[in-house]
Structures are given as structure tokens and as C-alpha cells.
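Here are some notes to read alongside the model, written as numbered points.

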Amino acid sequence: MPCVLFHKEGQAFAGEVAANTNLVVRAGIRQFPYPHLTYGCGMGKCGKCASRVLSGAEHLPAPNWKENERLGDRIKAGYRLVCQLWISHDIELAQDAPSAVPTAR
Amino acid sequence: MAELMDPRSFRTALEAAIKGKSANTSPFSIAWAQGKLSRAHLARWAENHFHYVGPFASYLGYVYGRLPEEFTEAKDFLLSNMYEEEIGGDRHTDLLIRFAEACGTTAERVKNPDNMSPTTRGLQSWCYSIAMREDPIVAIAGLVVGLESQVPSIYRRQLPTLREKYRFTEPEVEFFDIHIVSDEIHGERGYQIVLAHANTAELQQRCLKICEIGAEMRLLYTTALYRDYVEADLPMQALDLAA
């Protein structure tokens with residue numbers, strides 16, 4: 001089972017999830033990383049779930065068209081839209097405080 | 001006489017009530033998954049589907065208004081579900097129209113209720129009926145557990161085919177993509193609410209029955225799509241029903 005380490009506002013939260021898990025779905029049904037993960041539409045539009053991948057990025061598929069559209073240059077800094085990721089390997093993510101999230105493009 | 005089930009047994013019973021009546025077993029869904037439908041067939045699907053899912057927030061709005069005030073979490077779930085359908089990101093029906101246009105029909109045709117089949121009108125009417133008349137927890141069981149929770153498994157089968165066999169672009173199939181996430185959440189939250197609030201044996205039995213009927217209604221709807229729009233071009237013998 002993949003281990004997820006999630007950093008937010010100076011704290012770290014760890015949990016195990018089933019293979020092929022979407023963390024926004026998990027948060028939506030009130031399971032880890034709820035209530036720490038901030039998310040919005042769940043459809044790759046609002047960008048509220050954007051997080052930096054600190055480790056495990058090599059196991060993820062390339063950013064999809066929504067991530068490219070929403071995140072632009074932030075992809076080079078390691079940002080991904082968590083709602084677009086189905087996780088099957090260990091991963092470490094960091095989400096900026098809401099005030100630090102750039103306004104949606 | 002039925003006894004009150006513990007949450008685990010009740011959940012298993014709800015899942016069993018839906019299983020076996022899954023819309024995945026309809027000839028329309030099988031033809032879709034096998035890549036045998038034409039874009040014209042898919043256009044007819046979109047013209048019908050709009051009138052089933054388009055009012056989903058309205059169905060839930062009736063349930064919301066009838067839920068007792070103290071059911072705060074269940075009410076918040078319905079409100080959030082309605083918000084996500086309509087204004088949380090792109091309006092879900094706008095994405096359905098985008099797909100419909102890629103299939104060769106028009107927004108005007110999709111929105112015109114004269115283009116839905118009598119069976120689709122029956123499904124829409126059943127959704128309104130249970131939203132307005134059933135116990136609100138039973139209505140959530142029917143609409144969310146019985147219908148909405150099926151969506152991710154249906155679209156997981158259909159989406160790869162739309163990309164790979166029908167050659168739609170990613171933006172054209174976004175309607176399907178987003179529901180794999182949104183309805184996974186909605187379906188599971190629906191289960192949680194029904195498990196928490198169906199607290200008598202009688203209420204549990206009514207939830208089970210409505211889930212079974214909901215799954216049957218969706219199966220009836222997709223089967224009618226095949227009969228009304230596909231069968232003449234693609235008879236049952238042309239489908240690999242073991243797929």
C-alpha cells in the first residue's frame with residue numbers, strides 16, 4: 001500500500017492508502033488527508049489542490065492537459081493538481097498555505 | 001420480519017441490491033465498451049442523458065428542503081453536491097453538451113426535451129418523484145447510492161474506449177473524466193449518510209428496495225437507448241455479450 005507523507009503549514013501528516021487512490025476523493029469522503037488537504041472542484045479547474053511533489057514524482061504520469069493549462073510554469077517547480085493524480089507508489093507532497101496559492105489563471 | 005442490520009451488513013446489502021442490475025450489463029453499455037457505436041448513436045445518448053442528469057441538482061434540492069434541520073451533515077453534502085454539479089467548476093451539463101457537439105449534434109437539440117425518449121422521460125420523472133415524495137434518506141439511497149454511485153464504474157469502462165477507439169480528444173471527453181472523481185466522492189458520501197441515518201429495520205429495507213429500483217431504472221434507460229437508436233444498425237448478434 002502506498003505511503004503518503006503530506007506537508008502543510010509546517011506540519012507533516014502520514015497515512016497509507018490503497019493502490020490507485022485519488023487523494024481528493026479520499027478527502028471528499030472524509031479520510032486521510034482530510035481535513036488537511038485543501039481542494040475545490042475536483043475537476044482540474046480551480047487549482048486549489050495544487051501541491052508540490054517532493055518525492056515519488058518519477059512514478060506519476062506526465063501532467064495532463066488540465067494541469068498544463070492550470071499550473072503553467074509551476075509544473076517545473078514540481079507542482080501537480082492532486083485531483084488529477086491516481087497514486088500507486090509512495091509519495092511526499094507539500095501544499096502551500098491558502099494565502100500563498102496564486103490566483104487561478 | 002427483517003431485523004436491523006449493523007452498518008457493515010447493511011452496506012453489503014446495499015451493494016448487492018445494485019449489483020446484478022448494473023447498467024454495465026445493458027447492450028448499449030456493452031456496445032459502447034466494445035467501440036461499436038457510431039458518433040450518431042453517441043449523439044442520441046447525449047441528447048437523452050442531458051434530461052436525466054441535467055436536473056440532478058433540482059432532484060437533490062427537493063430532498064435538501066425536506067431533510068430535517070438537525071441532519072446538518074447530510075444537508076451540507078447535498079448542497080455541496082448541487083454546487084459541484086452546477087457552479088463548482090464547469091457546469092457538468094456544459095461538458096455534456098461539449099461532448100454532444102463533438103458527436104455531431106447541437107446544443108439546441110440536446111436541450112430540447114422533445115428529443116428524449118419516453119423511457120428517459122420516465123427515468124427523469126421517477127427521480128423527481130422520489131425526491132419529492134420519499135423519506136429523504138430513502139431518496140438519497142435511491143438517487144445517490146442507487147444511481148450516482150454507479151457512475152465511476154461505468155465511466156471507467158467507457159472513457160478509455162472514447163479516447164482510443166472513438167478518437168475523441170481529452171477536452172471532448174471531460175464530462176466522463178470529471179465524474180470518475182466527483183461521483184466517487186458523492187457515491188461514497190451517500191453511502192455514509194444512508195448508513196448513519198437509516199436506523200430502523202423498516203427504513204433499511206426501504207433503502208434497499210429503492211436502490212434496487214434505481215439500478216433497474218438506469219438499466220431500463222440504457223437498454224431502451226439500445227432498442228430506440230442502435231438495434232436497427234447493430235443487432236444483438238453483433239455484440240460479444242460475454243465481454
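1. On the fold of chain A, in what is a predicted model: among the contacts in chain A with a separation of 6 or more, 58% are made by residues 24 or more positions apart. The secondary structure of this chain amounts to 2 helices and 5 strands, and these follow one another along the sequence in the pattern β-β-α-β-α-β-β.

2. Taken along the principal axes, the box filled by the C-alpha atoms of chain A is roughly 35 × 25 × 25 Å, and 34% of the 105 residues in chain A count as buried.

3. On strand pairing in chain A: strand β3(A) is joined by 3 bridges to strand β4 (residues 79-81), and these two strands run antiparallel. Strand β3(A) is also joined by 3 bridges to strand β5 (residues 91-95), again in an antiparallel arrangement.

4. A reader checking the backbone may wish to look at both places.

5. On positive phi angles: A:E9 has a positive phi of about 50° although it is not a glycine, and its place is the loop between β1 (3-8) and β2 (11-16) of chain A. With 11 other C-beta atoms within 10 Å, A:E9 is exposed. In chain B, B:R167 has a positive phi of about 65°, and this residue is not a glycine either. B:R167 lies in the loop between α10 (151-164) and α11 of chain B, and it is exposed, having 10 other C-beta atoms within 10 Å.

6. On the contact between the chains: how many residues does each chain bring to it? Chain A contributes 13 residues and chain B contributes 12 residues. On the side of chain A that touches chain B, the largest share, 3 residues, comes from helix α1 (residues 23-28) of chain A. Sorted by class, that side of chain A has 8 nonpolar, 4 polar and 1 charged residues.

7. On helix α9 of chain B: is this helix enclosed or open to the outside? Since 12 of the 12 residues of α9(B) are buried, the helix is largely enclosed by the rest of the structure. The buried residues include B:P136, B:G142 and B:L147, and what covers the buried residues of α9(B) includes α1 (7-18), α4 (56-66), α8 (118-133), α11 (174-197) and α12 (201-230) of chain B. As for its length, the 12 residues of α9(B) (residues 136-147) should span 16 Å at 1.5 Å a residue, and the end C-alpha atoms are 15 Å apart, which agrees.

8. The largest nonpolar core here has 97 residues, of which B:A46, B:L143, B:V194, B:C207 and B:C211 touch the most other members. The largest share of this core, 12 residues, comes from α12(B). Leaving aside neighbours within four places in sequence, B:A46 is in contact with B:L96, B:F99, B:A100, B:C103, B:T105 and B:V110.

9. On B:K19: this residue is found in the loop between α1 and α2 (27-33) of chain B, and it counts as exposed, with 11 C-beta neighbours inside 10 Å. B:K19 and B:E212 are 193 residues apart along the chain, and their C-alpha atoms are separated by 8.6 Å.

How values were computed: Residues are numbered from 1 along each chain as its sequence is written. Chains are lettered from A and ligands numbered from 1 in the order in which they are written. This is a predicted model: local features need pLDDT of at least 70, side-chain atom pairs count only at pLDDT 80 or more; totals for chains, interfaces and linings use all residues. Two residues are in contact if their C-beta atoms, placed from the backbone, lie within 7 Å. Helices (H or I, at least four residues) and strands (E, at least two) are DSSP runs, numbered from the N terminus. Ala, Val, Leu, Ile, Met, Phe, Trp, Tyr, Cys and Pro count as nonpolar, Asp, Glu, Lys and Arg as charged, and the others, Gly among them, as polar. The expected span of a helix is 1.5 Å times one less than its number of residues. A residue is buried if 20 or more other C-beta atoms lie within 10 Å of its own, exposed if 12 or fewer, and partly exposed in between; C-beta atoms are placed from the backbone. A nonpolar core is a set of buried Ala, Val, Leu, Ile, Met, Phe, Trp, Tyr and Cys residues joined through C-beta atoms within 7 Å. Two strands pair if DSSP finds at least two bridges between them.
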